[in-house]
Amino acid sequence: MDISELKHLLQRGEKVDIECKASENTIPRSLWETYSSFANTKGGYIFLGVKEDKKAKTSKDRFIVQGLQNAEKQIEDFWNTINGAKVNKNILHDEDVQAIRLENGLDVISIHVPRADYNYRPVYIGENPFKGTFKRNHEGDYHASDDEVKAMLRDQSAAGNDGMVLNHYNMDDIDQDTLRHYRTMFSSRNPDHVWNQHDDLTFLKDLGGYRKDRETGVEGLTMAGLLMFGKGLSIRERFSNIMMDYRDESYVSEEMRWTDRVTYDGTWENNLFNFFMKVTPKLTADLKKPFVLENMQRVDDTPVHKAVREAFVNMIIHADYLLDAGTLKVIKKQNSFEFTNPGSLKLSVEEIFRGGNSKSRNPHMQTMLRMIGFGDNAGSGIPTILHVWKKEGWKEPVLSEDTNLNQVTLLLCMEKTDDSDEGSSDTEKKIKYKSAARKKEIFDMMASGQEYTTESIASEIGLKAPRTRQILNELVAEGMLERLGTTKDRKYKLK
């Protein structure tokens, strides 16, 4: 990083991934809270030698680059401390810490903290993860809750979560109709498989839905077995924190919030297999089906159909069902699909998009679905979706993580990308690019879930109020933002 890159980052203002500290002579104690929070959230930059004036109205005036006289000494102290007992893990490399020389001869220290690998999270101060773990949001660093720390500790297990044996849950808690439906599909797809000859209990053991814990001696259904094939009442007793919800919002209006919905209503056994089988046909019903013959029979499946199902499978196998609260939410709109599950990303978005390194929280559920034809090989799900969407010329799917609500959302938008419009002039393309960049700035600003006025947003992103209001109206029309209050006191927040 050089001085121009530093100034560019500061012009954006102190965001969720940037922290500035004056740090005149020594390393500030609060630096370690930020180190922990960045490592446990999305990573970021810490700049020492930059003073923040929170009363300033613009980002230009808010950050004062002062510099340090003893940068080399402070960097040495930093490395000595991080390699000592101050924090439980040093995840930095030499190139992550550097001094940036200013025009006045002083230096600013830049510390790049990457997102820690899931094997290393939580990264915490001291010896107690429940007291020393921090996370990051737009308000700054905050103490992670016990639930968030437990979730990070669970994610360290290479075996995933869904093999856990549930004490006092046995075959009486399995819905026989659900299991029979699954076994019929399994037999049809795998007619010569030896498991077809096994009774239900042995079959569940083969799938990882029932086992005996050799350490404790406890025997019974696993989390995968109960959630996939269990009776609705049994599931609600053990996992009252988890909801399943599908909504078709393709033709919503002020009088009608959805045209179709699948949620708990007493008409079906609400396990994951039934939810998947009931919702999948609804998701793909309106997708185009070109006339293709194979062996004299019409083939109704397309790569887009498969990609949408892959996104559904991805939501199920990566959800954290042990969080205090969460919803498996599927929303269908005229030109998009939205899949939301409780939990966080075990890998970075870049690693997930690259593929080949699947870290499913629920590998047994993944096997159960794959054995009946749903879900690609490990680590290829998201890349498969990206390939299909790119081939169609649609906007790249967006995978986002809300660290406040502890949920992950995959948005598949079936609209052409801006650069696919070859008839647009250079000026029109530039306007589209600038508009998209402004919208991203607003999304980054509003990620914390707070409500903002037009004026506060305009001030933050450096636009005049009329143009900001125009962009906000576009985002509302696209279903991304929600208006609150009257015209005089109107505010906006993420929908």
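Asn406 sits in the loop between E17 and E18. Select this residue to begin; the model is a predicted one. Phi of Asn406 is near 55°, a positive value, and the residue is not a glycine. Most residues other than glycine have a negative phi. Is Asn406 buried or exposed? Asn406 has a relative accessible area of 17%, so it counts as buried, the cut-off being under 20%.

Now select residues 242–248, which are strand E11, together with residues 326–332, which are strand E15. These two strands pair in the parallel sense, over seven bridges. To find one of the bridges, pick Ile242, whose partner in E15 is Gly326.

**The four-stranded sheet**

Next, select E1, E2, E6 and E5. In that order they form an open sheet, again with mixed pairing. Strand E1 (18–21) and strand E5 (97–101) are its edge strands, each pairing on one side only. Here the twist averages 20° from one strand to the next.

Within this sheet, look at strand E2 (residues 44–48) beside E6. The two pair in the antiparallel sense over five bridges. Pick Tyr45 and look across to E6, where its bridge partner is His112.

Helix H1 (residues 3–11) lies across E1, E2, E5 and E6 and runs at about 110° to E2. H4 lies across E2, E5 and E6, running at about 170° to E5.

**The helix pair H2 and H4**

In passing H4, H2 makes a right-handed crossing. Which residues of H2 and H4 make the contact? Show the side chains of Leu31, Trp32 and Tyr35 on H2, and of Phe78, Thr81 and Ile82 on H4. By class, five residues of this contact are nonpolar, one is polar and none is charged.

Select Pro122, in the loop between strand E6 (107–113) and helix H5 (129–132). The peptide bond from Arg121 to Pro122 is cis, with omega near 5°. Most peptide bonds are trans.

The last stop is His168, in the loop between helix H6 (146–155) and helix H7 (176–189). His168 is not a glycine, yet it has a positive phi of about 75°. Is His168 buried or exposed? The relative accessible area of His168 is 68%, so it counts as exposed, the cut-off being over 50%. To end the tour, show His168 together with Asn406: His168 is exposed, whereas Asn406 is buried.

Conventions. Residues numbered from 1 in each chain as written. Predicted model: local features only at pLDDT ≥ 70, side-chain atom pairs only at ≥ 80, totals over all residues. Heavy atoms only, no water. Pairing = 2+ DSSP bridges. Buried < 20%, exposed > 50% of the residue type's maximum accessible area, 1.4 Å probe, protein only. Left-handed = near helix turned anticlockwise from the far one by under 90°. Contact = heavy atoms within 4.5 Å. Nonpolar A, V, L, I, M, F, W, Y, C, P; charged D, E, K, R; others polar. Axes fitted to C-alpha atoms, helices over the stretch in contact; angles between N-to-C directions.
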